[in-house]
Amino acid sequence: MAFESATVIFKDSAIFFLRLLPYLIAGLFVGAVLEVALSRYKEIGWLKHPGTRAYMMVSLLGVGTPL
Amino acid sequence: MIPLLTAGVPWALMMCFLISSPLNSPNTFFLISGALGYPMAIAQIVAAISMGVTSGWVTSLLESKGYLNNQLRSPLSRTSPLPSVSGENSFPAKNPSSKPEAKTLGRVFWRSLCRAGTRRLVRQLAIFVFVASAIKILIPTAWITSLFGKDQWYSIPLAALLGIPLYVNNASSVPVTRTLVEGGMSPGAALAFLLAGAGTSLPAMSGLLVITRGRIVTLYVTLIFLGAVVFGSLYSLLCP
């Protein structure tokens with residue numbers, strides 16, 4: 001019984017891991033695209049004017065680049 | 001982040017970045033898509049941006065009332081003003097000379113594939129996929145349903161509260177959350193768990209505690225918790 005459970009756990013894990021791996025690689029690729037694309041916003045002068053537009057832009061930058 | 005803080009960037013903008021950045025990233029988006037489906041991944045990204053903007057408004061209000069003065073830890077101080085920008089057109093303008101090149105993109109992608117953080121992420125994913133499979137067999141679904149099921153009014157605040165200490169990172173928590181959803185956790189509670197957990201994970205909190213004082217940390221945790229509960233509840237209503 002314990003052996004059967006362990007086999008099921010290993011099999012489930014391997015299938016799920018292999019299913020998630022392409023998503024992880026896709027995430028890394030999109031991360032690289034965003035890193036290159038967002039590098040043009042390095043200047044911080046525009047941060048001087050807070051407001052909804054600036055909050056939106058900072059949030060988008062935050063979502064695109066992990067802390 | 002420290003150069004921005006010492007340059008005098010307002011707390012409102014810093015809070016926007018601090019809140020939205022750990023909540024989502026390209027990795028998180030794709031991992032959630034693979035494990036929990038695109039609706040959950042899109043909800044997480046919408047919640048991250050909305051929470052960022054809302055935290056900007058709230059922080060701006062508190063900042064204008066003077067509640068957030070002297071909240072940067074010494075020896076850091078907000079003494080030097082931000083460099084002045086000429087004219088009104090100070091919002092980020094696209095720099096035509098810095099278009100992404102194929103070579104640069106390839107190099108950045110290769111670097112991100114090879115770095116130690118990626119290897120650690122894959123290792124953690126493998127370990128926690130195994131842990132998630134073990135949870136599926138070892139924990140009765142009745143327990144999960146009784147705590148986080150759709151019919152429990154407290155499932156979303158409880159999931160958000162548990163996300164604060166239990167969340168390690170996205171590679172570890174996404175497989176576990178999927179197992180909990182399969183075991184009867186409501187999608188709203190799952191979103192609240194992922195949002196609260198990511199915002200208050202160890203890397204995000206340790207960075208914050210090193211450079212800021214109590215009021216900023218309290219405001220940050222409150223905004224994350226409330227945002228997780230609100231967006232978890234909204235998601236429960238929209239995608240039951």
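Me: The expected span of a helix is 1.5 Å times one less than its number of residues. In this predicted model, what should helix H12 of chain B span, and how far apart are its end C-alpha atoms?

Reply: Helix H12 runs over residues 214-238 of chain B. With 25 residues at 1.5 Å a residue, the helix should span 36 Å. Its end C-alpha atoms are 36 Å apart, so the two values agree.

Me: Which residues of H12(B) are called buried?

Reply: A residue needs 20 or more other C-beta atoms within 10 Å of its own to be buried. In H12(B), the residues that pass include Ile216(B), Leu219(B), Tyr220(B), Leu223(B), Ile224(B) and Phe225(B). Further along H12(B), Gly227(B), Ala228(B), Val229(B), Phe231(B), Gly232(B) and Tyr235(B) are buried too.

Me: What covers the buried residues of H12(B)?

Reply: The cover includes H2, H4, H8, H10 and H11 of chain B.

Me: Leu234(B) also lies in H12 of chain B. Why is Leu234(B) called partly exposed?

Reply: Count its neighbours. Leu234(B) has 17 C-beta neighbours inside 10 Å.

Me: How far apart are Leu234(B) and Gly188(B), in sequence and in space?

Reply: Leu234(B) and Gly188(B) are 46 residues apart in sequence. In space, their C-alpha atoms are 7.4 Å apart.

Me: What share of the contacts in chain B with a separation of 6 or more comes from residues 24 or more positions apart?

Reply: Such residues account for 86% of those contacts. Chain B itself has 12 helices and zero strands.

Me: Now take H9(B) and H10(B). At roughly what angle do their axes cross, and what does that make the pair?

Reply: The axes come within 10 Å and cross at roughly 165°. An angle over 145 degrees counts as roughly antiparallel, so H9(B) is roughly antiparallel to H10(B). The crossing is right-handed.

Me: Which residues of H9(B) and H10(B) meet?

Reply: From H9(B) come Asn170(B), Ser173(B), Thr177(B), Leu180(B) and Val181(B). They meet Pro187(B), Ala190(B), Phe193(B), Leu194(B), Gly197(B) and Ala198(B) in H10(B). Seven of the residues in this contact are nonpolar, four are polar and none is charged.

Me: H10(B) has another partner, H4(B). What is the relation of H4(B) to H10(B) called?

Reply: Their axes come within 11 Å and cross at roughly 50°. Roughly parallel needs an angle under 35 degrees, and roughly perpendicular starts at 65. The angle lies between those limits, so H4(B) is oblique to H10(B). H4(B) passes H10(B) in a right-handed crossing.

Me: Which residues build the contact of H4(B) with H10(B)?

Reply: Met40(B), Ala43(B), Gln44(B) and Ala47(B) in H4(B) meet Pro187(B), Leu191(B), Leu194(B) and Leu195(B) in H10(B). Seven of these residues are nonpolar, one is polar and none is charged.

Me: On to chain A. What should helix H2 of chain A span, and how far apart are its end C-alpha atoms?

Reply: H2(A) covers residues 52-64. Its 13 residues should span 18 Å, and the end C-alpha atoms are 18 Å apart, so the values agree.

Me: What covers the buried residues of H2(A)?

Reply: The cover includes H1 of chain A, together with H2 and H4 of chain B. Among the buried residues of H2(A) are Tyr55(A), Met57(A), Val58(A) and Leu60(A).

Notes. Residues are numbered from 1 along each chain as its sequence is written. Chains are lettered from A and ligands numbered from 1 in the order in which they are written. This is a predicted model: local features need pLDDT of at least 70, side-chain atom pairs count only at pLDDT 80 or more; totals for chains, interfaces and linings use all residues. Axes are lines fitted to C-alpha atoms, for helices over the stretch in contact, and angles run from 0 to 180 degrees between N-to-C directions. Helices (H or I, at least four residues) and strands (E, at least two) are DSSP runs, numbered from the N terminus. Angles under 35 degrees count as roughly parallel, over 145 as roughly antiparallel, 65 to 115 as roughly perpendicular and the rest as oblique. A crossing is left-handed if the near helix is turned anticlockwise from the far one by less than a right angle, and right-handed if clockwise. Two residues are in contact if their C-beta atoms, placed from the backbone, lie within 7 Å. Ala, Val, Leu, Ile, Met, Phe, Trp, Tyr, Cys and Pro count as nonpolar, Asp, Glu, Lys and Arg as charged, and the others, Gly among them, as polar. A residue is buried if 20 or more other C-beta atoms lie within 10 Å of its own, exposed if 12 or fewer, and partly exposed in between; C-beta atoms are placed from the backbone.
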